[in-house]
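Please look over the sequence and the structure before reading on.

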Amino acid sequence: MEHTDTYHYQVMRRAIEAIDAADDTQLSLADLAADMKMSPAHFQRLFSTWVGVSPKRYQQYLTLSHAKSLLRERFTTLETSHAVGLSGSGRLHDLFVRWEAMSPGDYARDGADLTIYWGWFESHFGPALVMGTQRGICGLAFAAESGPDAAMTDLQSRWPQASFVEDAARLNKWATAALGMTGETQLHMIGAPFQLKVWEALLTIPSGHVTTYSEIAQSIGNPKAVRAVGTAVGRNPVSWLIPCHRALRKSGALGGYHWGLPVKRAMLAWESARADVSTM
């Protein structure tokens with residue numbers, strides 16, 4: 001597959017850049033449409049199809065103030081999630097995720113004797129590199145900001161002793177479910193025990209909600225390990241499905257994101273809009 005961005009994401013990305021340049025000033029539909037080289041009606045239809053709300057409303061989801069409001073209004077207490085049995089698997093977007101972790105011994109061998117299949121797929125957030133074993137997806141990277149070569153190098157470096165085989169057809173069922181957010185997909189998580197605890201905690205955060213690094217540390221029984229939690233969040237190999245984009249700083253600042261802050265903003269905005277639409 002040619003490594004090109006999806007048409008929808010390209011429009012979204014350019015719109016996000018225009019909104020960022022406006023420094024939180026609301027841009028009119030006419031101005032945004034002109035920047036996208038579209039008629040206002042076409043641009044409005046595209047946004048409504050992609051996310052379900054108008055460009056004006058969507059702009060509100062891309063601001064720092066919205067991130068802060070998420071912490072006030074949609075902050076999730078992970079300890080409660082664990083207490084009611086949501087740990088390990090749960091509903092994510094409209095997608096059912098089952099996951100299984102590699103043993104610590106297997107992880108320590110850096111993927112030796114492991115065959116990892118890979119392929120490129122289109123997604124709402126640009127070209128996505130999907131990697132998986134026979135047991136499920138083990139890697140998901142977004143290349144819109146980093147580029148395809150950097151995304152490939154990044155994921156391969158996580159399991160340097162593995163054999164990598166291009167085979168998009170083998171991954172198609174899982175990838176289609178994961179990126180289309182329909183049906184069920186299987187994850188095969190490859191990480192150190194501490195990382196797995198952090199990623200498991202991330203799975204309990206509902207779509208449209210957020211948490212903080214300190215809350216994650218508290219929920220896994222290591223309240224002082226905030227920095228280590230941040231590192232584990234950043235090393236999540238399965239972006240979007242293990243929703244590291246839902247982890248914010250206490251201030252409401254977005255913090256970092258391995259595949260680029262524009263992608264993180266778009267993910268949070270997309271989820272927030274869908275969550276609001278579903279409650280109307």
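Is E271 buried or exposed? In this predicted model, E271 counts as buried because its relative accessibility is 1%, and the cut-off for buried is under 20%.

**E271 and its partner R246**

- E271 has its place in helix α13, which covers residues 261-278.
- The side chain of E271 is joined to that of R246 by a polar contact of 2.6 Å.
- The two residues also form a salt bridge, in which the closest N and O atoms are 2.6 Å apart.
- R246 counts as buried because its relative accessibility is 0%.

**Salt bridges in the whole structure**

- How many salt bridges does a search of the whole structure find? The search finds 3 salt bridges, and the pair of R246 and E271 is one of them.
- A salt bridge also connects the side chains of R158 and D154, with an N to O distance of 2.9 Å.
- R158 and D154 both lie in helix α8, residues 148-158. They are 4 residues apart, which is about one turn of the helix.
- Both R158 and D154 are buried.
- The side chains of D167 and R170 meet in a salt bridge as well, at 3.5 Å from N to O.

**Cysteines and disulfides**

- A disulfide is a covalent bond that connects the sulfur atoms of two cysteines.
- How many disulfides are counted in this model? The count comes to 0 disulfides, under a rule that requires a pair of cysteine sulfur atoms within 2.5 Å.
- C138 is buried, because its relative accessible area is 0%.
- C244 also counts as buried, because its relative accessibility is 6%.

Technical notes. Residues are numbered from 1 along each chain as its sequence is written. This is a predicted model: local features need pLDDT of at least 70, side-chain atom pairs count only at pLDDT 80 or more; totals for chains, interfaces and linings use all residues. Side-chain values use heavy atoms; hydrogens and water are left out. Helices (H or I, at least four residues) and strands (E, at least two) are DSSP runs, numbered from the N terminus. Buried means under 20% relative accessible area, exposed over 50%, partly exposed in between (1.4 Å probe, protein chains only). A polar contact is a pair of N or O atoms within 3.5 Å; within protein, one must be able to donate a hydrogen and the other to accept it, and residues adjacent in sequence count only if both atoms are side-chain atoms. A salt bridge is a side-chain nitrogen of Lys or Arg within 4 Å of a carboxyl oxygen of Asp or Glu.
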